[in-house]
Amino acid sequence: MGEGVTQGKRIIYVCEVCLLISTEPGEHHGRPMFRCDAGEPGSERSRPLMTPDGELKTHAPAWWVEHCLGRLPRTEITEE
């Protein structure tokens with residue numbers, strides 16, 4: 001089964017060059033794929049960021065924004 005799902009969390013590995021996604025760690029394009037916790041299926045981490053008014057802020061899921069920025073914007077996400 002690999003590391004793909006652990007205790008309800010989805011762990012995925014992404015190639016920084018071509019964005020290939022895998023459930024197993026490894027290398028692609030000669031570089032290690034980075035590990036991301038995509039959260040539980042249906043969780044806030046899996047959804048795009050919204051403004052406090054409910055408007056779509058990004059099309060990317062929260063886990064991707066967090067990876068790209070190194071953090072999530074403070075007011076953008078709350079776990080249910």
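Modeller: A residue is buried when its relative accessible area is under 20%, exposed when over 50%, and partly exposed in between (1.4 Å probe, protein chains only). The model before us is predicted: local features need pLDDT of at least 70, side-chain atom pairs count only at pLDDT 80 or more, and totals for chains, interfaces and linings use all residues. Residues are numbered from 1 along each chain as its sequence is written, and side-chain values use heavy atoms, leaving out hydrogens and water.

Biologist: Does W63 count as buried or exposed?

Modeller: W63 counts as buried because its relative accessibility is 11%. Over the chain, which has 80 residues, 26% count as buried.

Biologist: Which elements does the chain contain, and in what order do they run?

Modeller: Helices (H or I, at least four residues) and strands (E, at least two) are DSSP runs numbered from the N terminus. Here the chain has 8 strands and 1 helix. Starting at the N terminus, the order is β-β-β-β-β-β-β-β-α.

Biologist: Which strands does β2 join by bridges?

Modeller: Strands pair if DSSP finds at least two bridges between them. β2 (9-14) and β6 (34-37) run antiparallel and are joined by 4 bridges. Within this pairing, Y13 has R35 in β6 as its bridge partner. β2 also runs antiparallel to strand β3 (residues 21-22), with 2 bridges between them; there V14 is partnered by I21.

Biologist: Which residues make up the largest nonpolar core?

Modeller: A nonpolar core is a set of buried Ala, Val, Leu, Ile, Met, Phe, Trp, Tyr and Cys residues joined through side-chain atoms within 4.5 Å. The largest has 6 residues: I12, V14, F34, C36, A38 and W63. Both β2 and β6 supply at least two residues of this core.

Biologist: What does W63 touch?

Modeller: Contact means heavy atoms within 4.5 Å. Leaving aside residues up to four places away in sequence, W63 touches I12, V14, C36, D37, A38, R45 and S46.

Biologist: How many aromatic pairs are there?

Modeller: Rings of Phe, Tyr and Trp (its six-membered ring) pair if their centres lie within 6.5 Å; planes under 30 degrees apart are stacked, over 60 edge-to-face, and the rest tilted. The count here is 2. F34 and W64 have ring centres 5.9 Å apart and planes at 35 degrees, so they form a tilted pair. This pair links distant parts of the chain, F34 in strand β6 and W64 in helix α1 (residues 62-69), 30 residues apart. W63 and W64 have centres 5.8 Å apart and planes at 90 degrees, so that pair is edge-to-face. F34 is buried at 10% relative accessibility, whereas W64, with a relative accessible area of 23%, is partly exposed.

Biologist: Where is R45 found?

Modeller: R45 lies in the loop between β6 and β7. Its relative accessible area is 17%, so R45 is buried. A polar contact is a pair of N or O atoms within 3.5 Å; within protein, one must be able to donate a hydrogen and the other to accept it, and residues adjacent in sequence count only if both atoms are side-chain atoms. The side chain of R45 has such a contact with that of E66, at 2.7 Å.
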